[in-house]
Amino acid sequence: MSSMKLKLPLVASLLTGALFVSTATASFVQQGRNGQNVGDRKAIVRDLDLRDRPLKDVVEFLRGRAGINIVIDEGIDTRVTLKLKNVHWRTALNLAAEKAKCVVVQVGPNVLKIEKPPRVRFAFDNAPITKVIDAIARISGANIITAPEVQGNITLRLRDVPWKDALNQIAKTLGYTVVEEDRNILRVVSPSTLVNQLVLKSFQLRYIRPKGVFVPQIQSQYVKGKFNLPQGDPAQSFTLLQALNRMLSPSGSIEYIDGQNVLFIKDTKPVLDEIGRLISEVDVEPKQVFVDVKFVTTKNTDVLDYGVNIGDTGWQASVGLGQIPTRLPFNLGGGGWEDSLIANDSGRGPFTDSSLNASTTTTVPDTIFGALNFTGVQAVLTLLKQDKTSEIVQAPKLIVLDHQPGTIFVGDTVRYAQASAEQGQAGGLQLVVEEASGSPVQTGFQLLIVPHIIPGEDKVELEVIPEAESLSGSGGPPLAPTGFDVFTVGAGGSAGSGSIALPRVSSSTIHTKMLLISGQTAVIGG
């Protein structure tokens, strides 16, 4: 029996083979889109009840929950009232900021900023777009440049909208775009003019990379599928690069430097800004999963029989003790406490002391000797038991990145020879020994595992493939190596008789997917 152990509360199981697998997620912060932590149960706010609390108090609470930097502008002291249950911290932050008429802006990796921009509330009927843009600039105090080609009329009704959102939507309505330049300068231009204003920018990638040139694999006739090796240029298998190529404008271009893990992108400023936002969301520190595995073999049929076994019929007891003769309470001698005992139930005697009886002719019944017999008492209690047939064959430990495959193999390569008789040049037989065609034989244990951390939870989905191979033949020294079978050819002692030793390989393979809470132990086997 063989088994594999994945780590959760320890579970005993009667198996020929069992694998115990334990998991624990590392405590690194991982962010997904919009700065959300994924795979971290603390990222979920279970119960948030805010009643007239300053926004800075809410930010302080969510900052500790998120584990990232959240900066709030000076002078924002608005109080908010909000009641939420089972929401992500980023959702709670956005709602609280909206209640305070603020906006959340991502200004860098792991840095969010809460601003309170001026809001616009106006109406225009068939007004020139330049007039509307000028009104927004006056209300917000922003630096806005309008290109000469920006023309047209627009009708709108806006109420309590952040000025930048209003500007972007107004420009987009007439087919224009807003370009954010350095020093907080905004330009409203026609997208066609940006073709002659391409900008080259480099993006240093930190954690995301193309697939490695080495990938784990496992050979088994019971499991199909493999991880494909990247062919040729690593950029060709880089999924991020493929996604960014689809975001480029017709005049844009992109180059990837594998050695420095750097992207060089040449395109319009709005496209580069959008690519920068996308990269900041996906190029985040990944979580890791620690997997503790124990591969156990056993031949036990009563591995769970520990402690008191009450059997199928419930609790039973029998008693077996020795025999002790006794004369108590009779014949203890005069003057004892038994002298006043009454020998019958009349209450008037006779007494065992004859001097107390009214007549000397009173007869006291003969004394009957008794015996206390304990020979039928038996007591059996088994509290401890030894297991001498179970063995931990392998106990590997792996740390695997989220969504990445990992494997470990521990075993031996067993080579064996074959002999053949050939006719020599002199006409006699010559014995030739060479490595057998089926040699070598691989024995040992291999585990391939792919973890997927569930976003917002402390759960891990594991794809597990354990495979174990061992020599199980009945032969042994001096005729053959341990685990080989010995076959005899011909009658013993006769001409042409002999023996041959061949390996017998016992193998077991399991392929399964399971969902575990971090720190749990699962048992699979057969």
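This is a predicted model: local features need pLDDT of at least 70, side-chain atom pairs count only at pLDDT 80 or more; totals for chains, interfaces and linings use all residues.
Modeller: Residues are numbered from 1 along each chain as its sequence is written, and side-chain values use heavy atoms, with hydrogens and water left out.

Biologist: Why is Phe264 called partly exposed?

Modeller: Buried means under 20% relative accessible area and exposed over 50%, with partly exposed in between (1.4 Å probe, protein chains only). Phe264 has a relative accessible area of 35%, and therefore counts as partly exposed. Phe264 is placed in strand β15 (residues 262-267), where strands (E, at least two residues) are DSSP runs numbered from the N terminus, as are helices (H or I, at least four).

Biologist: Why is Gln106 called partly exposed?

Modeller: Its relative accessibility is 27%, so Gln106 is called partly exposed.

Biologist: What makes strand β12 largely enclosed by the rest of the structure?

Modeller: Of the 5 residues in β12 (residues 185-189), 4 are buried, and therefore the strand is largely enclosed by the rest of the structure.

Biologist: How do you know that β9 and β11 pair with β12?

Modeller: Two strands pair if DSSP finds at least two bridges between them. Strand β9 (residues 143-146) has 4 bridges to β12 in the parallel sense, with Ile144 partnered by Leu186. Strand β11 (residues 177-181) has 5 bridges to β12 in the antiparallel sense, and Thr177 stands opposite Val189. β11 and β12 also form a hairpin with 3 residues between them, and Arg183 in the turn has a positive phi of about 60 degrees.

Biologist: What makes β4 and β6 edge strands?

Modeller: The open sheet of 3 strands has the order β4-β7-β6, with mixed pairing. In that sheet β4 (69-72) and β6 (103-108) each pair on one side only, and these are the edge strands. Between β4 and β7 (residues 111-115), which run parallel, there are 4 bridges, and Asn69 has Val111 as its bridge partner in β7.

Biologist: Where does helix α1 lie, and how is it directed relative to β4?

Modeller: Helix α1 (residues 55-66) lies across β4 and β7 and runs at about 170 degrees to β4. Axes are lines fitted to C-alpha atoms, for helices over the stretch in contact (heavy atoms within 4.5 Å), and angles run from 0 to 180 degrees between N-to-C directions.
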